[in-house]
Amino acid sequence: MSRKRRLKYIYPVAFAVVPVVTLAADHIGQFYMSDLLALVGVSAATTLVAWVVLCVLPWKGDRFAVGALIAFFGVFLVFYLFPLGEVVGRALPGVRQRWIVPVVAVASLIAVWRVVRRPAVLEKATVFLAVMSLILLVQASVRLGVGIARGARVIERSELARDLAQPLPMSESGPAVLEPQRDVFFILLDMYASENVLRKVFQYDNRPFLDSLVALGFTVPEVRSNYTRTILSIASILNLEHVDRIADETGPRSQDRSLGRYITENNRTVSFLKSRGYDFHFYPPLWGGLTQKNRFADFQFRPRRNLLETVLAKSSLHRRLWGATALGQFVVVTEDKYDVDSVLRSFARLRETPDEDDPLFVFAHFFVPHNPYILDENCEPAGPRGPDEGESSGLEQRRARYIAQLECVNRQVLELLPALLARSPEPIILLQSDHGTRTIREYDPAVHERVPYAQAEERHGALGAYYLPGNGDEIVPDSLTTVNLLRYVFSHYFGADLPPVSDSLFYSDGDYEYLFFPVEPAPVSQ
Amino acid sequence: MYIDPAAGSLIMQAIAAAALAAASLSSRVRHKLKSVFQTLKSIALRNRGQ
């Protein structure tokens, strides 16, 4: 058989690549090209090896066609069966979902067995699947290409990005106090709820931890995040400006995060401090897809140690693929140990931040106490995963695991602070969360006109604790929203002319990060 | 279980691809496409002759 004729038999490889490309096309701006290529490579190579092995087995008849069909069946089970079960389940709400997947699997197996036994049908099936795989691959690749190009165009045309590229205005009178150039440590603890939320929603008293911070000289005001999603919250904090215009520029129902990621990476904080001689040290989380790389960093912590970890410690795209397909159902979770390791190593490396000639701006984004709950209260691996965040059951277990992870974070922070406070001159330390927790889920846009106040209060209630030497604590009010934090800091320490902006809150949830929902007004008693 | 919204688009894409593949392999469709192209070709030739 000629090579050209044999080419049609490698359609299982195309079928294996398509889910990865489709997932990327549906999540523009939420992955890095290196992660996409790695996943495509692993997926294609694994299928190719399986296909080669199956083709050399002594099947009756056309062994290439039989090997290809069986390899395709494997790809179907891994990548397509669960999404198909989900779609059928949605279309037939009366049918029990847990039966759909096994029924479809058995029906497909019978179909494959019958086709393999009929050479004429097998030949037709091979041609059909080869053509279908080609169409699928072209479709998915075009969608991905168009999505990437559209994301780049949104950035290019963005007035928000242009406005944020302007230098920060400076006060003519200069800084309020003449200060030495202090190191600035910005430690972002993702989804760390405020004291109020922890007490009301979790019945947890975080006062001992906050009192320890106060004893070290921290000021702990009441803080609310202006946004409820990480990308918007970090973008607004680091740009010292509201970023709600992103909804108009990208589209409120768009899944494209290109612009959000762009203004996060090209933020005003880094450009402002670098223009003042600061070195930028960046500690990204292991995954998250939004703040994992920054080309302006003078030092970037590597959460993955080597090539093996790069493959095994999953990227955001990798986790989405795992979650949407059979891989997440049957393959043991491997990423937790890498998550644990990267969190603890990041804290350890921060403790040992070397003294340098130039002042430092250190931005560390910890994806804890955000789920998945990988650490217990003693910062040991938390063991097997509990119920997933998206599930309605297991709320109590999730809350307990969240608190355990939060206690580990408290422990790590309290171990870190003495090392940072020993630096000379004393540094500015900002412990900040990007948003609160999300356990109250009463809002249904189809039923309610507004998000219940309690749900929004939980989601906006964020930790904020600041060490501001040289009387800096006097400039921070008792209550603030996150967008104004660096406005206060830069005005006081660097002479920027940045009066506070509006404390408006923007609530978004679910798949549409840029779709803001109206919130019920606070009860009168609040 | 968490199902990514992309799961739905993967299946819809696969259904569309299957329909297109079936159509392109159907002898009736192939025949019709062939006759359309032949008609277009003959019109072009006639126009060139004029």
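This is a predicted model: local features need pLDDT of at least 70, side-chain atom pairs count only at pLDDT 80 or more; totals for chains, interfaces and linings use all residues.
Me: What makes β4 and β8 of chain A the edge strands?

Reply: The open sheet of chain A has six strands in the order β4-β3-β5-β1-β6-β8, with mixed pairing. Strands β4 (299-300) and β8 (464-467) of chain A each pair on one side only, and they are the edge strands. In general, strands of a sheet pair through backbone hydrogen bonds, in either the parallel or the antiparallel sense.

Me: Why is A:Glu241 called buried?

Reply: A residue counts as buried if 20 or more other C-beta atoms lie within 10 Å of its own. A:Glu241 has 22 C-beta neighbours inside 10 Å, and therefore counts as buried. A:Glu241 is located in the loop between α10 (230-239) and α11 (246-250) of chain A. Setting aside residues up to four places away in sequence, A:Glu241 touches A:Leu164, A:Ser236, A:Val483 and A:Val501. The C-alpha atoms of A:Glu241 and A:Asn484 are separated by 7.8 Å, although these residues are 243 residues apart along the chain.

Me: How do you know whether the radius of gyration of chain A agrees with that of a compact globule?

Reply: A compact globule of 526 residues would have a radius of gyration near 24 Å; chain A has 26 Å, and therefore agrees. The C-alpha trace of chain A spans about 85 × 50 × 45 Å along its principal axes. Buried residues make up 45% of chain A. Its secondary structure comprises 20 helices and 11 strands.

Me: Which residues have the most contacts inside the largest nonpolar core?

Reply: The largest nonpolar core has 94 residues, and A:Leu189, A:Leu430 and A:Phe490 have the most contacts inside it. Helix α18 of chain A, residues 395-421, provides the largest share of this core, eight residues. Another core, of 51 residues, lies apart from it and includes A:Tyr9, A:Val20, A:Val75 and A:Leu136. Beyond its neighbours within four places in sequence, A:Leu189 is in contact with residues including A:Phe366, A:Val409 and A:Leu463. In soluble globular proteins, nonpolar side chains tend to be buried together.

Me: What makes up the side of chain B that touches chain A?

Reply: In all, 18 residues of chain B are in contact with 24 residues of chain A. The side of chain B that touches chain A has 13 nonpolar, four polar and one charged residues. Chain B itself has two helices and zero strands, and 16% of its 50 residues count as buried.

Technical notes
Residues are numbered from 1 along each chain as its sequence is written. Chains are lettered from A and ligands numbered from 1 in the order in which they are written. Two residues are in contact if their C-beta atoms, placed from the backbone, lie within 7 Å. Ala, Val, Leu, Ile, Met, Phe, Trp, Tyr, Cys and Pro count as nonpolar, Asp, Glu, Lys and Arg as charged, and the others, Gly among them, as polar. Helices (H or I, at least four residues) and strands (E, at least two) are DSSP runs, numbered from the N terminus. A residue is buried if 20 or more other C-beta atoms lie within 10 Å of its own, exposed if 12 or fewer, and partly exposed in between; C-beta atoms are placed from the backbone. The radius of gyration is taken over C-alpha atoms; the globule rule is 2.2 Å times the number of residues to the power 0.38. Two strands pair if DSSP finds at least two bridges between them. A nonpolar core is a set of buried Ala, Val, Leu, Ile, Met, Phe, Trp, Tyr and Cys residues joined through C-beta atoms within 7 Å.
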